[in-house]
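Please read them with the structure open.

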Amino acid sequence: MMSIYMIVLSLIVIGIAGYSLVYTFKLAGQEKRLKGEYDTDIPDVVKEHPYIRNPIFVSILIATILITLFIIYWSVRYLS
């Protein structure tokens, strides 16, 4: 069984990851609406997969997975 500290830590991690993901989507939406004169054309590969090719989304996904695995590891190893 997980201790209250692990549950709180898990909720904080999920909250931060969710907030950063929503905030990044919000910023990405603003970038689509803004068209500058100095922007170059976006490659077709990036247009087809804008979220997979975005390093911010990839780093949020990887960090969330690693932190979740770390929490699960610590809770299984030391609390069971």
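**Notes on the predicted model**

1. Confidence. The chain has an average pLDDT of 77, and 72% of the residues score at least 70; pLDDT is the predictor's confidence in each residue, on a scale from 0 to 100. Confidence is lowest in helix H2 (residues 44-48), with a mean of 70, and highest in helix H3 (residues 55-79), at 85.

2. Conventions. This is a predicted model, in which local features need pLDDT of at least 70 and side-chain atom pairs count only at pLDDT 80 or more, while totals for chains, interfaces and linings use all residues. Residues are numbered from 1 along each chain as its sequence is written, and side-chain values use heavy atoms, with hydrogens and water left out.

3. Secondary structure. The chain has three helices and zero strands, in the order α-α-α from the N terminus. Helices (H or I, at least four residues) and strands (E, at least two) are DSSP runs, numbered from the N terminus.

4. Surface. The accessible surface of the chain is about 7100 Å², and 71% of that belongs to carbon and sulfur atoms. Areas come from the Shrake-Rupley method with a 1.4 Å probe; for residues, only the protein chains shown count as cover. Of the 80 residues, 12% count as buried. Buried means under 20% relative accessible area, exposed means over 50%, and partly exposed is in between (1.4 Å probe, protein chains only).

5. Nonpolar patch. Ile-4, Tyr-5, Ile-7, Val-8, Leu-11, Ile-12 and Ile-16 make a nonpolar surface patch of about 750 Å². Patches are made of residues with over 30% relative accessible area and no salt bridge; like charges are joined within 9 Å, and nonpolar side chains (Val, Leu, Ile, Met, Phe, Trp, Tyr) within 5 Å. A salt bridge is a side-chain nitrogen of Lys or Arg within 4 Å of a carboxyl oxygen of Asp or Glu. Leu-11, one of the patch residues, lies in helix H1 (residues 4-33) and counts as exposed because its relative accessibility is 58%.

6. Aromatic pairs. How many aromatic pairs does a search of the whole structure find? There are five. The rings of Tyr-19 and Tyr-23 have centres 6.1 Å apart and planes at 15 degrees, so this pair is stacked. Rings of Phe, Tyr and Trp (its six-membered ring) pair if their centres lie within 6.5 Å; planes under 30 degrees apart count as stacked, over 60 as edge-to-face and the rest as tilted. Tyr-19 and Tyr-23 are separated by about one helical turn, because they are four residues apart in helix H1. Tyr-19 counts as exposed at 60% relative accessibility, whereas Tyr-23 counts as partly exposed at 42%.

7. Aromatic cluster. Phe-70, Tyr-73, Trp-74 and Tyr-78 are linked into a cluster by ring pairs. Tyr-78 lies in helix H3 and is partly exposed, with a relative accessible area of 46%. The side chain of Tyr-78 also makes a polar contact with the side chain of Arg-77, at 3.1 Å.

8. A contact across the sequence. Leu-9 and Ile-71 are 62 residues apart along the chain, and their C-alpha atoms are separated by 8.2 Å. Leu-9 is in helix H1 and is partly exposed, with a relative accessible area of 39%.

Terms used: Polar contact = N/O pair within 3.5 Å; in protein donor to acceptor, adjacent residues only side chain to side chain.
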